[in-house]
Amino acid sequence: MERIWLMAGAVAGFTAVAAGAIIAHAWAPVRPDPAAMESARNALLMHVLHAPALLAVAWLAGRGSTRLVTLAGVAFAGGLVAFCGGVYLQAGWGFRVPNLAPLGGLTLMAGWLLLGLAGLLSGRAKPARRK
């Protein structure tokens, strides 16, 4: 799973840089709506901030993945697609998918909770085995 999450983090980072370029150079000159551009920039910020979260999932998966780490990765990846994708669609092209961005935002929050829970539970001492 480590390689999958590493690739997911790298793809998220790459697409964040690409989205930043599109927002700055393709949309800004043709999108006169400042609210739409602000929404796109907010989505870009979430995009940039969550790419390293996937890299953290890759690192934790390499140390002995738990189901919670995997669920955190799924939540981060799915949340990025849903939240950022939903906002980009609406801000850039005026195409609105109802509840996609809010669902994605909740999924990103769940990813952070799952990652934190995985960290808390990974430090638990294992009971000694009886002979």
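Biologist: Which residues line the largest pocket?

Modeller: Its lining consists of A36, S39, G86, V87, Q90, A91, R96, V97, N99, L100, A101 and P102. This is a predicted model, in which local features need pLDDT of at least 70 and side-chain atom pairs count only at pLDDT 80 or more, while totals for chains, interfaces and linings use all residues. Residues are numbered from 1 along each chain as its sequence is written, and side-chain values use heavy atoms, leaving out hydrogens and water.

Biologist: What makes a set of points a pocket, and a residue part of its lining?

Modeller: On a 1 Å grid over the protein atoms alone, a pocket is an open set of points where a 1.4 Å probe fits, with protein on both sides within 12 Å along at least five of seven lines; lining residues have an atom within 4 Å of a point. The largest one has a volume of about 160 Å³, the space filled by probe spheres set on the points, which are joined across faces, edges and corners.

Biologist: Which elements give two or more residues to that lining?

Modeller: They are α2, α3 and α4 (100–122), where helices are DSSP runs of H or I with at least four residues, numbered from the N terminus. The largest share, four residues, comes from α3.

Biologist: Why is N99 called exposed?

Modeller: Exposed means over 50% relative accessible area, buried under 20%, and partly exposed in between (1.4 Å probe, protein chains only). N99 has 54%, so it counts as exposed.

Biologist: How many aromatic pairs are there, and what makes a pair?

Modeller: Rings of Phe, Tyr and Trp (its six-membered ring) pair if their centres lie within 6.5 Å; planes under 30 degrees apart count as stacked, over 60 as edge-to-face and the rest as tilted. By this rule the count comes to three. In one of them, the centres of W27 and Y88 are 6.4 Å apart and the planes are at 65°, so the pair is edge-to-face. W27 lies in helix α1 (residues 2–27) and Y88 in helix α3 (residues 67–93), so this pair ties together parts that are 61 residues apart in sequence.

Biologist: Are those two residues buried or exposed?

Modeller: W27 has 8% relative accessibility, so it counts as buried. Y88 has 11%, so Y88 counts as buried too.

Biologist: Why is H47 called buried, and what does it touch?

Modeller: H47, in helix α2 (residues 34–62), has a relative accessible area of 7%, so it is buried. Not counting residues up to four places away in sequence, H47 touches A12, T15, A16, A19, L80, C84 and Y88, contact meaning heavy atoms within 4.5 Å.

Biologist: And why is H50 called buried?

Modeller: H50 has 6% relative accessibility, so it counts as buried. H50 is also in helix α2. Leaving aside neighbours within four places in sequence, H50 is in contact with F76, L80, L108 and W112.
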